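Please look over the model shown here before reading the notes below. They are grouped by topic.

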Amino acid sequence: MLDIKFVRNNPQAVKAALAKRGNTVSIEAFLSSDEERRKRLVDVEQLKNKRNVVSQEIGKLKQSGQPAEDLVLEMRNVSQQIKDMDEEIKQIEEKLEYMILTIPNMPNESVPVGTSDADNLEVRKWGEPRKFAFEPQAHWDIGEALDILDFERGSKVTGARFTFYKGLGARLERALINFMLDLHTGQHGYTEIFPPFMVHRDSMVGTGQLPKFEEDAFRVQNTEYFLIPTAEVPVTNLYRGEILEGAKLPIYHCAYSACFRAEAGAHGRDTRGLIRQHQFNKVELVKFALPENSYEELEALVANAEKVLQLLELPYRVVALCSGDLGFSSAKTYDLEVWLPAYNTYREISSCSNFEDYQARRANIRFRRDAKGKVEFVHTLNGSGLAIGRTVAAILENYQQQDGSVAIPKALQPYMGGLERIAKV
RNA sequence: GGAGAGAUGGCUGAGUGGUCGAAAGCGCUCGACUCGAAAUCGAGUGUACCUUACGGGUACCGUGGGUUCGAAUCCCACUCUCUCCGCCA
């Protein structure tokens with residue numbers, strides 16, 4: 001969430017920043033409630049002070065055997081008043097909290113201004129889309145033909161947007177997970193985490209999925225547990241409520257997890273194939289950084305994610321999201337988009353964001369530079385490194401052969417038991 | 001699932017209705033001593049909010065309620081941890 005004091009002191013700047021997102025939240029409504037709260041707080045705290053002082057007097061009177069009935073009666077009244085005022089303040093605070101939790105982050109200065117993904121800025125391209133001597137097939141057709149993906153039975157057993165991987169398809173998924181984790185832990189300095197796949201409400205609030213986007217999440221019946229939409233949630237919340245040692249920053253974590261998304265509002269989009277599933281696998285990168293370094297850390301994180309695509313020799317481009325396309329909690333986001341021949345376009349395969357102190361403030365993740373220093377909020381970052389299902393789709397489509405088989409990228413072959421291609425059995 | 005014990009500051013741990021934001025020790029910071037270090041001695045050392053010139057106030061002893069003039073302390077519910085039994089991958 002935003003710094004309430006900053007909002008109070010710079011309402012115009014906040015409004016201008018949020019306007020770049022096309023956000024219409026009323027800062028005025030927030031500020032008037034905020035003022036109301038403070039006004040009442042002053043009153044009730046005065047009363048509480050009176051109660052504290054007089055209560056001590058009563059104690060002394062009673063100890064010395066003197067009567068204190070009139071004071072007790074008076075304080076009985078005061079206490080009731082305090083109770084009523086506390087109740088009113090609580091109502092206001094609940095309203096305020098909901099408001100501040102539903103105000104998105106402010107875009108960083110460097111974010112291009114725009115209203116939709118059409119205004120996103122291509123930063124760089126890597127690799128050349130392959131020229132096919134034949135009509136390239138979509139990955140769902142390739143996968144079904146090779147009997148390594150089974151969408152029909154996925155729907156039968158669970159429902160739409162669920163898929164069975166079979167044989168070398170399942171092996172490919174597992175190989176990619178291991179390949180990516182090995183790369184990030186071995187070459188990029190990330191410490192591996194294997195997180196819970198369910199978290200409670202506070203964790204979802206901490207990273208920004210709640211309270212605003214509850215309809216996007218799967219909640220476990222009769223509990224307050226949510227299936228994680230990304231490992232970002234449990235891994236960022238690892239240090240929730242903690243004060244970290246400044247000397248230990250930055251902290252790099254990577255984590256494999258399954259991800260669960262309700263995809264509310266995505267009906268009819270990407271209905272075929274692996275692109276948009278209710279359950280998919282992902283290797284996530286998470287960083288906890290010093291505020292002054294977070295933008296360098298973002299560039300490095302993007303480079304770490306790009307490395308996966310480079311090693312797999314998949315053509316991609318890097319896009320800087322414009323202000324209107326930015327995620328709720330993000331101050332700046334780069335998307336990695338991989339080339340998908342059957343779509344004849346680049347599709348998102350990784351999203352790398354700097355949240356600055358927005359999540360840290362929600363999740364109360366702080367650090368102290370040294371023993372004497374004041375506590376400060378860390379900056380949190382994360383990015384996919386990469387989405388596994390979409391990587392499988394990209395490999396199937398980019399590495400397909402005329403005979404229907406699919407070559408396996410060199411870097412991945414050791415993870416496939418040395419296998420060089422997936423062919424029909 | 002059954003029975004029991006517990007949750008206090010960075011840590012250990014005292015505190016069963018008032019003067020307790022909280023003893024003591026450890027740790028940490030600063031200072032003294034020292035050529036330097038250790039040891040020793042002295043001072044300091046939570047977070048948030050409100051107000052503000054200095055300063056002051058309020059809240060927080062797992063979480064949420066309740067009793068009371070007054071709650072770390074009493075009552076209720078919940079969460080988590082530990083021990084024993086049962087069950088289980």
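A residue is called buried when its relative accessible area is under 20%, exposed when it is over 50%, and partly exposed in between, using a 1.4 Å probe and protein chains only. By that rule His-184 is buried, with a relative accessible area of 0%. This is a predicted model, in which local features need pLDDT of at least 70, side-chain atom pairs count only at pLDDT 80 or more, and totals for chains, interfaces and linings use all residues. Residues are numbered from 1 along each chain as its sequence is written, chains are lettered from A and ligands numbered from 1 in the order in which they are written, and side-chain values use heavy atoms, with hydrogens and water left out.

**Chain A as a whole**

- Chain A has twelve helices and 17 strands; helices (H or I, at least four residues) and strands (E, at least two) are DSSP runs, numbered from the N terminus.
- Along the principal axes, the C-alpha atoms of chain A fill a box of roughly 100 × 45 × 45 Å.
- Of the 425 residues in chain A, 49% are buried.
- A contact means heavy atoms within 4.5 Å. Among the contacts in chain A with a separation of 6 or more, 74% are between residues 24 or more positions apart.

**The surface near RNA strand B**

- A residue is near a molecule or strand if one of its heavy atoms lies within 4 Å of it.
- RNA strand B is surrounded by 27 residues, of which Asn-49, Ser-55, Gln-63, Arg-76 and Ser-79 are the closest. Of the atoms of RNA strand B that come within 4 Å of the protein, 71% belong to sugar and phosphate.
- Helix 1 (4-9), helix 3 (27-63), helix 4 (69-101) and strand 13 (366-368) each supply at least two residues of this surface. Helix 3 gives the largest share, 14 residues.
- Sorted by class, the surface has 14 charged, seven nonpolar and six polar residues. Here Ala, Val, Leu, Ile, Met, Phe, Trp, Tyr, Cys and Pro count as nonpolar, Asp, Glu, Lys and Arg as charged, and the others, Gly among them, as polar.
- A polar contact is a pair of N or O atoms within 3.5 Å; within protein, one must be able to donate a hydrogen and the other to accept it, and residues adjacent in sequence count only if both atoms are side-chain atoms.
- Arg-76 has a polar side-chain atom 2.5 Å from a phosphate oxygen of RNA strand B.

**Cysteines and His-184**

- The structure holds zero disulfides; a disulfide is counted when two cysteine sulfur atoms are within 2.5 Å.
- Cys-254 is in no disulfide, and the nearest cysteine sulfur, that of Cys-352, is 14 Å away. Cys-254 is buried, at 0% relative accessibility.
- For Cys-322, the closest cysteine sulfur is also in Cys-352, at 17 Å, which is too far for a bond. Cys-322 is buried as well, at 0% relative accessibility.
- His-184 lies in helix 7 (residues 168-186). Beyond its neighbours within four places in sequence, its contacts include Cys-254, Tyr-190, Asn-304 and Gly-385.

**Backbone details**

- Leu-210 and Pro-211 are joined by a cis peptide bond, with omega about 5°. Pro-211 is in the loop between helix 8 (201-207) and strand 6 (225-227).
- Another cis peptide bond joins Gly-385 and Leu-386, with omega about 15°. Leu-386 lies in strand 15 (residues 379-387).
- Glu-313 is not a glycine, yet has a positive phi of about 55°. Glu-313 sits in the loop between helix 10 (294-311) and strand 10 (316-320) and is partly exposed, with a relative accessible area of 47%.
- Asn-364 has a positive phi near 55°. Asn-364 is partly exposed, at 30% relative accessibility.

**Glu-224**

- Glu-224 is in the loop between helix 8 and strand 6 and is partly exposed, with a relative accessible area of 35%.
- The side chain of Glu-224 makes polar contacts with the side chains of Arg-201 at 2.5 Å and Arg-219 at 2.9 Å.
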